[in-house]
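Have a look at the model first, then follow the questions.

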Amino acid sequence: STQCCMTVSPTSLAATTSSDEEDDSDSSTKPIRSEKKKNPVSLFQTGGDPPKEKKSKKKVPPKGAESEEETLETLQKNSNKKGKAKKSKKQLKEERPPSPVIEVDNLEEFVLQPAPQGVTIKCRVTRDKKGMDRGLYPTYYLHLDNDKKVFLLAGRKRKKSKTSNYLISIDPTDLSRGGENFIGKLRSNLMGTRFTVFDNGANPDRANADWSNVRQELSAVVYETNVLGFKGPRKMTVIIPGMNADGERVPIRPRNDNDGLLMRWQNRNMDNVIELHNKAPVWNDETQSYVLNFHGRVTHASVKNFQIVHSSDPDYIVMQFGRVADDAFTMDYNYPLCAVQAFAIALSSFDGKLACE
């Protein structure tokens with residue numbers, strides 16, 4: 001089982017920096033390349049007309065997004081340097097543009113809203129195993145990875161549930177199903193290889209006349225084993241609702257189990273549904289491990305490290321997740337994901353049947 005933890009090696013980050021630097025210095029070629037390439041936002045659009053010019057100006061034009069990505073990359077590369085404390089507040093502010101300032105009274109709205117186009121929202125997941133049964137049922141906390149460390153979400157596996165069932169809450173202490181802080185849940189199949197993410201709407205049995213109160217499916221995750229079982233790199237498929245012309249999620253409210261994201265995907269009924277995958281790591285002979293470039297955001301090798309991409313644009317990282325300490329992980333997400341979707345996808349990767357660490 002030694003290869004289990006070698007999926008992503010921290011040395012890969014050093015091995016890949018030289019090409020990154022070239023990439024940065026030659027920024028003049030970037031906009032040209034982005035004109036040839038589709039604007040990543042269009043990959044997720046399924047409903048209505050293409051976004052109008054006006055819309056993209058109001059948000060972030062692709063060119064701006066491109067340059068922001070560049071600055072983020074250079075910041076990530078510099079983020080390991082010491083001596084940060086001496087910098088003025090202004091410099092610190094310039095150095096960490098990724099996470100917007102969030103009004104905490106608006107937390108519920110924020111965690112369900114797609115990340116703004118062109119902005120990477122950088123977060124940190126911590127796992128708390130303290131207490132009598134926390135070893136079996138740890139609590140996971142999601143915070144913004146910025147100076148204020150704003151709390152976003154907490155998640156915990158429910159006890160006495162036949163399948164893995166995680167409650168997601170906007171309160172770090174209230175993880176009850178009936179509480180008003182309940183914002184969503186992650187539920188697995190019996191095998192523990194397929195997961196569905198719901199918001200906090202009602203069960204279809206309790207639907208009102210126009211069905212508007214019924215829970216939405218926000219995402220589904222499918223794990224496949226490969227020839228090494230779960231000891232080699234995992235294969236993940238992530239299924240999410242598409243976005244409409246206004247950049248809002250198309251609501252998917254299944255009336256029964258045969259109408260959910262997983263069944264639609266299985267039957268290749270992909271109207272208003274987007275399929276994403278984890279980026280395949282590359283075998284590195286030098287380190288004898290599978291490697292991915294996380295631009296300095298991940299420091300520990302782990303089978304849980306992953307990046308989620310659309311097959312039409314593998315350079316646009318929709319989400320990445322990776323270990324930085326025994327019980328700490330970074331989780332960064334981009335449009336079209338929201339915090340609840342990204343956190344639930346991360347929680348699915350902790351689940352017992354998948355873990356081999």
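A residue counts as buried when its relative accessible area is under 20%. By that rule, 48% of the 357 residues of the protein chain are buried in this predicted model.

Q: Why is Lys129 called partly exposed?
A: Partly exposed covers the range between the buried limit of under 20% and the exposed limit of over 50%. Lys129 has a relative accessible area of 43%, so it lands in that range. Asp327, with 27%, is partly exposed too.

Q: How do you know that Lys129 and Asp327 form a salt bridge?
A: You need a side-chain nitrogen of Lys or Arg within 4 Å of a carboxyl oxygen of Asp or Glu. For Lys129 and Asp327, the closest N and O atoms are 3.7 Å apart, so the pair passes. The structure holds seven salt bridges.

Q: What does the pair of Lys129 and Asp327 tie together?
A: Lys129 sits in the loop between β1 (121-128) and β2 (139-144), while Asp327 sits in the loop between β13 (313-325) and β14 (328-333), so the bridge ties together parts that are 198 residues apart in sequence. There's a network here as well: salt bridges with shared partners join Arg127, Lys129 and Asp327.

Q: Why is the pair of Lys157 and Asp351 called a salt bridge?
A: Their closest N and O atoms are 3.4 Å apart, which is within the 4 Å limit, so the name applies. Lys157 belongs to strand β3 (residues 151-157) and Asp351 to the segment after α8 (339-350), so this pair ties together parts 194 residues apart in sequence.

Q: What makes Asp332 and Arg297 a salt bridge, and are they buried or exposed?
A: The closest N and O atoms of Asp332 and Arg297 are 2.7 Å apart, so they meet the 4 Å rule. The pair links distant parts of the chain, with Asp332 in strand β14 and Arg297 in the loop between β11 (289-291) and β12 (306-310), 35 residues apart. Asp332 has a relative accessible area of 4% and Arg297 has 12%. Buried means under 20%, so both partners are buried.

Q: How do you know that α8 is largely enclosed by the rest of the structure?
A: Check the residues of α8: 12 of the 12 are buried, so the helix is largely enclosed. Among them are Ala339, Phe343, Leu347 and Phe350.

Q: What span is expected for α8, and what does the model give?
A: At 1.5 Å a residue, 16 Å is expected for its 12 residues. From its first C-alpha to its last, α8 reaches 17 Å, which is close to that value.

Q: Which residues touch the most other members of the largest nonpolar core?
A: They are Val111, Leu153, Met319, Met331 and Tyr333, in a core of 56 residues. The largest share of this core, nine residues, comes from α8.

Q: What is Met331 in contact with, leaving aside its neighbours within four places in sequence?
A: Contact needs heavy atoms within 4.5 Å. The partners of Met331 include Ile121, Val125, Leu142, Met319, Phe321, Ala342 and Phe343.

Key:
Residues are numbered from 1 along each chain as its sequence is written. This is a predicted model: local features need pLDDT of at least 70, side-chain atom pairs count only at pLDDT 80 or more; totals for chains, interfaces and linings use all residues. Side-chain values use heavy atoms; hydrogens and water are left out. Helices (H or I, at least four residues) and strands (E, at least two) are DSSP runs, numbered from the N terminus. Buried means under 20% relative accessible area, exposed over 50%, partly exposed in between (1.4 Å probe, protein chains only). A nonpolar core is a set of buried Ala, Val, Leu, Ile, Met, Phe, Trp, Tyr and Cys residues joined through side-chain atoms within 4.5 Å. The expected span of a helix is 1.5 Å times one less than its number of residues.
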